[in-house]
Amino acid sequence: MPNIQCLPSHVADLIAAGEVVERPASVVKELLENAIDAGATAIVVEMERGGLTYLRITDNGCGIAPQELPTAFLRHATSKLRTAQDLAAIGTLGFRGEALAAISAVSHVDIFSRQRESDVGAMLHLDGGVAGEVTETGCPEGTTICIRDLFYNTPARMKFMKKDSAEGAAVHGIVQHVALSHPQISFKLLRDGSEVLYTPGDGKLLSAVYAAMGREFALGLVDIKGCGGDVAVEGYVSRPLNGHGTRGKQVMFVNGRFVKSQLLTAALEEAYRNRLMKGKFPGCVLHVTLPPELVDVNVHPAKTVVKFVSDKPVFDAVYYTVRSALDAAEKPAAPEPPKENFYRTMTVQQYRETAAEEKKPVGSYGRGGTVQPSPARSFSTPPSPVRPVPAQGMSGAYAASPAAEKPAQRPVLSGEIHDVAPQTGEAFTVPGHTPDGRQVTYEITPPAREEQTAPAQETAAEKVTSVPEPVRQESAAEQTAMDLPEPEQQVLQSGPAPWRMVGEVLKTYIICEDEQENVWLIDKHAAHERIRFDALKADPQPLMAQSLLEPLAVSLAAEEYSAVLEHEDTLRHFGFDCEDFGDGTVLVREIPADIRSGDAAATLEELAKKLLEQRADPAGARDELLHTMACKSAIKAGMNTSPAELAALVEKVQAGEIAYCPHGRPVAVKLSKYEIEKMFKRA
């Protein structure tokens with residue numbers, strides 16, 4: 001057995017770095033916590049290539065004394081703890097003193113710091129944890145740390161790094177969470193020279209939510225505030241109609257520290273019971289505050305998991321606070337008092353009377369100053385042809401004069417033509433007047449009726465005989481083809497199906513009966529989902545995609561956003577063509593042909609969640625993605641389905657091809673005749 005010996009300090013630092021520093025986002029988290037503990041009010045984060053080649057965090061905090069700079073990079077060196085009793089009531093974000101030592105062990109570090117009462121600052125350079133000399137330098141108040149070539153001396157760690165876009169998205173998510181935990185601090189994130197996040201630092205949580213999580217999310221929130229004993233809860237939760245496909249929009253803090261807690265998640269979702277659509281999850285930015293001695297934050301190296309002394313007070317405080325806020329938001333608002341403005345308000349009857357007064361015709365003034373309306377005339381367009389006939393006492397040459405003088409003006413007839421038109425096709429005359437006021441009589445010939453006489457039919461036949469020769473030959477060929485006997489259609493004879501479909505109930509379950517007198521209840525969604533899953537799994541080709549007329553912008557949580565960017569090729573195989581749009585948003589240009597455009601965003605969220613859960617198992621990840629695709633493209637419960645589609649599903653079930661859906665639920669339930677008779681006390 002080999003001898004036991006102590007590891008070299010450098011190897012020990014690399015091991016410790018593997019626990020604390022997993023990726024550039026871990027470095028940013030640790031340095032941001034140190035900046036907040038230093039009392040900074042403005043913090044700037046800059047990165048290049050996802051943070052692997054360059055990271056710089058600048059704050060305006062209290063700074064570090066020059067003589068303490070080398071000590072700050074030693075393991076377990078901290079200014080936040082003094083005694084073992086301090087561990088029972090930790091009030092700072094960082095306290096272990098491992099972050100700077102772990103970061104410096106796997107990178108090149110330059111630190112600049114100046115205290116507020118000092119005129120000059122100090123600078124220190126470290127390579128792989130080995131510190132150089134402290135030198136004076138000019139720098140602003142606070143601390144600036146530059147990290148270059150992360151993991152340069154641990155190549156094995158580098159192969160586990162993801163794409164630059166995915167690593168940058170992870171850094172963006174960390175800055176987003178820290179900005180929401182401290183709205184009184186202004187945060188700015190620069191990615192490859194471009195500003196992607198900026199919070200005003202005005203102390204208003206809603207301002208930070210608007211800047212960090214987007215306008216659409218911020219406008220669908222409900223303000224909550226309450227307490228239960230020593231536990232205070234405040235923040236914002238989403239309205240029940242604004243549910244999300246995953247829990248990625250749930251951001252929770254305990255004493256200003258971002259945490260992942262199943263207890264808080266359960267309390268939040270319990271408050272939404274019977275309010276939220278099935279399959280949807282609420283979003284929130286929740287701050288839980290309680291005395292430090294009632295919570296233990298020293299249970300995980302990343303400090304994202306906490307343990308409460310008593311779970312029930314925390315659960316009740318979150319549950320009742322959220323439920324009370326949702327109940328208040330659902331109450332109808334009090335009617336607003338009527339506003340006085342320059343618009344007139346009137347009843348329907350008043351409006352009709354006013355409109356009738358305005359439409360009253362204006363005539364000549366009669367005796368006593370009253371208005372006498374002019375007699376209304378009824379005009380109609382005379383059917384063609386119209387020929388003027390000389391009136392009595394006028395010369396016959398006048399018949400063509402109106403058209404010759406004013407050809408653009410049509411004559412006006414007095415009276416309705418339809419009232420005097422005879423029922424026969426004979427010509428008739430009506431009185432009228434010309435545009436200049438002279439009287440004239442018009443002769444009107446009605447259009448011919450649809451019935452045609454025998455000579456007209458003969459004329460039509462004569463026209464047919466005058467068709468050119470090529471056309472006549474073609475017509476003769478067609479006539480010959482029409483005279484040929486049509487081939488008899490062969491019908492495949494099939495026997496009756498060994499089952500009978502009775503119908504559908506609740507727009508979800510199909511009822512059918514088989515030859516053995518068994519009654520089947522078939523879940524049409526589960527059956528169709530299994531059929532779709534088997535078809536997708538058997539086809540190795542990429543799914544058929546449809547291009548969107550307008551690209552769809554989908555806002556995702558930080559981890560989901562990172563997963564989508566990391567697996568762009570995989571998602572393209574499943575019909576999603578996505579590209580980075582920045583600020584936690586991806587632009588979708590193509591979606592699978594079987595997915596409705598309204599379900600595209602929710603489907604992409606679920607696919608991202610599956611990719612996160614199955615990160616270590618590519619084969620399992622493909623099956624999980626196919627489960628989601630099959631579920632989204634299958635017939636939904638409650639949808640109207642044609643009898644032919646229902647019959648096709650029943651045939652698959654009765655043939656024994658499918659028995660369970662991809663998630664393991666049964667597709668059909670069988671009830672024998674004996675079981676049914678037993679229910680009715682017949683057996």
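Me: What does the accessible surface of the protein come to?
Reply: About 40200 Å². Bear in mind that this is a predicted model.

Me: And how much of that belongs to carbon and sulfur atoms?
Reply: Their share is 54%.

Me: What about the inside? How many of the residues are buried?
Reply: The protein has 683 residues, and 36% of them are buried.

Me: OK, new topic. How many helices and strands are there?
Reply: You get 22 helices and 29 strands.

Me: Switching to rings. How many aromatic pairs does the structure hold?
Reply: Three. One of them joins F315 and Y319.

Me: Why is that pair called stacked?
Reply: Look at the planes of the two rings. They sit at 15° to each other, and under 30 degrees counts as stacked, so F315 and Y319 qualify. Their ring centres are 6.2 Å apart.

Me: Where do F315 and Y319 lie?
Reply: Both are in helix α10, which covers residues 311–330. They are four residues apart, about one turn of the helix.

Me: Is Y319 buried or exposed?
Reply: Y319 is buried, because its relative accessible area is 14% and the cut-off is under 20%. F315 has 24%, so F315 counts as partly exposed.

Me: Which residues form the aromatic cluster?
Reply: F315, Y319 and Y320 form one cluster.

Me: Last one. Which residue lies over the face of F217?
Reply: That's K249. K249 is 5.7 Å from the ring centre of F217.

Terms used: Residues are numbered from 1 along each chain as its sequence is written. This is a predicted model: local features need pLDDT of at least 70, side-chain atom pairs count only at pLDDT 80 or more; totals for chains, interfaces and linings use all residues. Side-chain values use heavy atoms; hydrogens and water are left out. Helices (H or I, at least four residues) and strands (E, at least two) are DSSP runs, numbered from the N terminus. Buried means under 20% relative accessible area, exposed over 50%, partly exposed in between (1.4 Å probe, protein chains only). Accessible areas come from the Shrake-Rupley method with a 1.4 Å probe; for residues, only the protein chains shown count as cover. Rings of Phe, Tyr and Trp (its six-membered ring) pair if their centres lie within 6.5 Å; planes under 30 degrees apart count as stacked, over 60 as edge-to-face and the rest as tilted. A charge sits over a ring if NZ of Lys or CZ of Arg is within 6 Å of the ring centre and within 35 degrees of the ring normal.
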